[in-house]
2 protein chains.
Amino acid sequence: MTSTAPIHPFDAALQLQPAGPDRYNGHTSAAYWNMVGPFGGTTAALALRAVLNHPDLLGEPLSLTVNYAGALTSGACAVGARAVRTNRSTQHWTVELLQNDADGQPVVTTTATVVTAARRETWSANDTPMPAVPAPDTCAALPQVPGVEWIRRYEMRPIEGGIPRQWDGSGDSSLTRLWMRDNPPRPQDFCSLAAMSDIFFPRVWLRRARQVPAGTVSITVYFHAGAQQLAATGDGYLLGQARAQEFRNGFFDQTGQLWDTGGTLLATTHQIVYFKE
Amino acid sequence: MTSTAPIHPFDAALQLQPAGPDRYNGHTSAAYWNMVGPFGGTTAALALRAVLNHPDLLGEPLSLTVNYAGALTSGACAVGARAVRTNRSTQHWTVELLQNDADGQPVVTTTATVVTAARRETWSANDTPMPAVPAPDTCAALPQVPGVEWIRRYEMRPIEGGIPRQWDGSGDSSLTRLWMRDNPPRPQDFCSLAAMSDIFFPRVWLRRARQVPAGTVSITVYFHAGAQQLAATGDGYLLGQARAQEFRNGFFDQTGQLWDTGGTLLATTHQIVYFKE
């Protein structure tokens, strides 16, 4: 079968070629380029993609932790993904991304662990109701930022806590809420959910109304939705919410939630972020 | 120098002998035994201890993620801890715990990643004030639970959301607040902070007032305090707070905070937990 439909840039960014047991070759994506490296959400999604492509995979993603050990440069990368333990209904993975340094030696840029699980229906309950917010079509879309390519790959409609308009040190809250989806729209899956978990600009910018250098050190995503729920979500908007809990001596944390428009909590996420000054 | 002071059971539980490059030998602790394996907090602390003992260590713990891949049995275990990347001010570690199976073959019971960092003073702010709660000495200490040894190693003084007295399905909240410290008291350090991050009983028991089988699959701890702050905390009480965000199809998450009595947020923590039915 041939298809004339162009591949979505997000799927293009996650293309991996098998390169031996537990190993894949990939490439950073110009379409998701940030200022000095790829958008961290794409890197997290690439680590998860390797696990999901692996022939030994059991079940669906339950948790993902990605540690940004070093900056990726534009070009080829290798992804190692190994199932270190397979139980009856859960599977534990270790993942690393490598790139060659200037001397052609592979160096680890990213480490990750993934847990996948074969889930079954049980008693369920939401303990974090979606906040009451205006509908997506009543919230203006964020204008695109010149020079930051990955932001063009998302449609973001801030509700509150948008990027400060004035960097005047007047900030007093770290809470952001926004509607978001892929641009162009794309049916939600585990990889896009992982990437969108990293969509929030640094909380320190908002809290201080000051744009200091900042970068994610480690992110964790817990997937509450299964494939069936994601299919029901389709390519609709997600409500993202993020806030910091503590800023201290060069690092802050962020805790976040992603709901679909029906109010289903698809994922919760946390990260620890470096900041300067 | 000889010392006649007995070693604290927590320090005894974390004893590791070097066993070659990047490798240590340890032993599970009877003093911290749970119902069918060691207290998960001790396992997390043991993974961190290996990193802190390593001669290549840079800085202090910033983040810790521990994945409970399989149950540990009573006896010897090996801990592998490797610095996969050392930057100017951060260092990335991968850790695994192994035990021999019935055939004498080593199997992975636990995987972990740790980020350590050389921190420096910057602008800092707390965005999660400690809730107003009664002082520790006005809250009754939890009676010890027969048959669960590790609980005897902690002094716990529940404030709200204690273990249900009646398993009658009447629960309506997943929020727990309690004062806690080591028993006997012990000066706080990174390892004890990691262990206390896992002290909360399963949120599903509280939310449902129903005691179903449950166990942590993955836990993450972000350390906001440095060694100096921990020294100031001493062996005083910590206020622990935990709540779930979502219960869905066999798993729920937990988000938590640990403050010292002065209201300093020492750590934030998250976990994803298996539950049955």
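Throughout these legends, a residue is called buried when its relative accessible area is under 20%, exposed when that area is over 50%, and partly exposed in between, as judged with a 1.4 Å probe on the protein chains only. The structure is a predicted model, in which local features need pLDDT of at least 70 and side-chain atom pairs count only at pLDDT 80 or more, while totals for chains, interfaces and linings use all residues. Residues are numbered from 1 along each chain as its sequence is written, chains are lettered from A and ligands numbered from 1 in the order in which they are written, and side-chain values use heavy atoms, with hydrogens and water left out.

**View 1**
Ala209(B), with a relative accessible area of 2%, is buried, and its place is the loop between α4 (203-208) and β10 (214-223) of chain B; helices (H or I, at least four residues) and strands (E, at least two) are DSSP runs, numbered from the N terminus. Although Ala209(B) is not a glycine, its phi is positive, at about 50°. In chain A, Ala209(A) lies in the loop between α4 (203-208) and β10 (214-223), is not a glycine and yet has a positive phi of about 50°, and is buried with a relative accessible area of 4%. As background to this view and the next, most residues other than glycine have a negative phi, and most peptide bonds are trans.

In chain A, the peptide bond from Asn183(A) to Pro184(A) is cis, with omega near 0°, and Pro184(A) is found in the loop between β9 (176-182) and α3 (190-196). In chain B, Asn183(B) and Pro184(B) are joined by a cis peptide bond whose omega is about 0°, and Pro184(B) lies in the loop between β9 (176-182) and α3 (190-196) of that chain.

Trp259(B) belongs to strand β12 (residues 251-260) of chain B and, at 0% relative accessibility, counts as buried. With contact taken to mean heavy atoms within 4.5 Å, and leaving aside neighbours within four places in sequence, the residues in contact with Trp259(B) include Thr128(B), Pro129(B), Met130(B) and Pro131(B), as well as Tyr237(B), Leu238(B), Leu239(B) and Gln241(B), and also Thr264(B), Leu265(B) and Leu266(B). The C-alpha atom of Trp259(B) is separated by 9.9 Å from that of Ala225(B), a residue 34 residues apart from it along the chain.

**View 1. Thr90(A) and its contact with chain B.**
Thr90(A) lies in strand β5 (residues 90-100) of chain A and is buried, with a relative accessible area of 12%. Not counting residues up to four places away in sequence, Thr90(A) touches Leu58(A), Arg85(A), Val115(A), Thr116(A) and Ala117(A), together with Phe251(B).

**View 2. The loop position of Gln15(B).**
Gln15(B) is located in the loop between α1 (9-13) and β1 (17-18) of chain B, where its relative accessible area of 43% makes it partly exposed. Once residues up to four places away in sequence are set aside, Gln15(B) touches Ile7(B), Asn25(B) and Gly26(B); the C-alpha atoms of Gln15(B) and Gly26(B), which are 11 residues apart along the chain, are separated by 6.2 Å.

**View 3. Cys77(A) and Cys191(A).**
The structure holds 0 disulfides over all chains, a disulfide being a pair of cysteine sulfur atoms within 2.5 Å. Cys77(A) is in no disulfide, and the nearest cysteine sulfur, which belongs to Cys191(A), is 14 Å away. Cys191(A) is likewise in no disulfide, with the sulfur of Cys77(A) as its nearest cysteine sulfur at 14 Å. Cys77(A) counts as buried at 5% relative accessibility, and Cys191(A) counts as buried at 1%.

**View 4. The setting of these details within chain A.**
Chain A has 5 helices and 13 strands. Along its principal axes, the C-alpha trace of chain A spans about 55 × 50 × 45 Å. Of the 277 residues of chain A, 55% count as buried, and among contacts between residues at least 6 apart in sequence, 69% join residues at least 24 apart.
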